[in-house]
Amino acid sequence: MAAADLTTRVAAWRDRGGEEEFRGRRIHLFRRDGGKPLLLFLHGFPSSSYDWKALLERESEHGALAPDFLGFGLSEKPRDHIYTLHWQADLVEELVRRDAAGREIFFVAHDMGTSVANELMARDLDGDLEMNLVGGLLLNGSMIQGAASPTLGQRILRSPLGPLMSRLSSERFFRQQFGSIFSPGHPLTDEEAEDQWALIRAGGGRTLNHKTIRYMDERFRHADRWHGALRDWEKPLAMAWGMLDPVATPAVLDAVLGLRPKAPVARFDDLGHYPQIEDPDRVAEALQRAFSA
């Protein structure tokens, strides 16, 4: 996708970030200097680090890293790649090693990013993690995939019709599906929809979603490992949840709390799947409470 096809807002976001190479692939990365703990932002499907824009652009004493996972946003989107959450976790480990080796890291994860966080937690439990994780905040994410309610589009993408749906994807269908997971009181705006669609199209990503959505199958395949990490990881872990989310519903939150019953939870009764976009002020407050606890 040519730079001219990006919205002015996305182009400005691109220019504020930089590029890294990992295993021969180009990765877009937002970084901000600051004190500890360094905040590591992990985004979801089908979006990118742009989801965190309102939080990352705030004045803060904390440093931050927010990558676009391979296949998402402004990162490279190879068609021949087999997309796995373990690969994305490897990427995150290496980016932290380059930028923040030895520093205290507090992750903030949403949607697909929550499972990348679960893998980092599992590696920490195994003694194999090369970063100093000190805690985390999990936003709406279907970590217990069996309790979730995927959208129609997600179900089709995971079916044998997935490649066809990717080829036929349109902005109109995207706006309908993406907008359906926002809350009625905080709907998807035209500007946000335009930006998100531009980021999906960037680098040929419009026809790639049937490949990048395979992470849902991994959640079943690695359930014992990732659910065990939710249960057994001993460091501080908090939740912030939009209770009107039709995908990662309150049933998913209840399932997560079944594994981690003492985790503090900020429940946003009037927000949907993207609390950080719908009401970034309240998410910022929940984040401040989480890493100050």
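In the predicted model, helix α11 (residues 223-232) has the buried residues Ala223, Trp226, His227, Gly228, Ala229 and Leu230, where buried means under 20% relative accessible area, exposed over 50% and partly exposed in between, with a 1.4 Å probe and protein chains only. Helices (H or I, at least four residues) and strands (E, at least two) are DSSP runs numbered from the N terminus. The cover over the buried residues of α11 includes α3, α4 (112-126), β6 (132-139), α10 (215-221), β7 (237-242) and α12 (250-259). Alanine 223 belongs to α11 and, with 16% relative accessibility, counts as buried. Its C-alpha atom is separated by 24 Å from that of phenylalanine 72, 151 residues apart along the chain.

Residues are numbered from 1 along each chain as its sequence is written. The model is a predicted one, in which local features need pLDDT of at least 70 and side-chain atom pairs count only at pLDDT 80 or more, while totals for chains, interfaces and linings use all residues; side-chain values use heavy atoms, with hydrogens and water left out.

The axes of α4 and α11 come within 8 Å and cross at roughly 70 degrees; axes are lines fitted to C-alpha atoms, for helices over the stretch in contact, and angles run from 0 to 180 degrees between N-to-C directions. The two helices α4 and α11 are therefore roughly perpendicular, given that angles under 35 degrees count as roughly parallel, over 145 as roughly antiparallel, 65 to 115 as roughly perpendicular and the rest as oblique. On the α4 side, Ser115, Asn118, Glu119, Met121, Ala122, Arg123, Leu125 and Asp126 meet Arg225, Trp226, Gly228, Ala229, Leu230 and Asp232 of α11, contact meaning heavy atoms within 4.5 Å. This contact has 6 nonpolar, 3 polar and 5 charged residues; Ala, Val, Leu, Ile, Met, Phe, Trp, Tyr, Cys and Pro count as nonpolar, Asp, Glu, Lys and Arg as charged, and the others, Gly among them, as polar.

For α7 (residues 171-179) and α8 (residues 190-201), the axes come within 10 Å and cross at roughly 120 degrees, and the pair is therefore oblique. In α7, Glu171, Phe174, Arg175 and Phe178 meet Asp190, Ala193, Glu194, Gln196, Trp197 and Ile200 in α8. The residues of this contact divide into 5 nonpolar, 1 polar and 4 charged.

The largest nonpolar core has 55 residues, and those with the most contacts inside it are Leu40, Leu42, Val92, Phe107, Leu120, Met131 and Leu138. Such a core is a set of buried Ala, Val, Leu, Ile, Met, Phe, Trp, Tyr and Cys residues joined through side-chain atoms within 4.5 Å. Helix α3 (residues 85-100) gives the most to this core, with 8 residues. Apart from this core lies another, of 31 residues, among them Trp13, Leu56, Ala202 and Ala286.

Two cis peptide bonds can be described. The bond from lysine 36 to proline 37 is cis, with omega near -5 degrees, and proline 37 is found in strand β3 (residues 35-42). Phenylalanine 45 and proline 46 are also joined by a cis bond, with omega about 5 degrees; proline 46 is in the loop between β3 and α2 (53-56).

Arginine 23, not a glycine, has a positive phi of about 50 degrees and lies in the loop between β1 (18-22) and β2 (25-32). Aspartate 111, not a glycine, has a positive phi of about 55 degrees. Aspartate 111 is found in the loop between β5 (104-109) and α4 and counts as buried at 4% relative accessibility.
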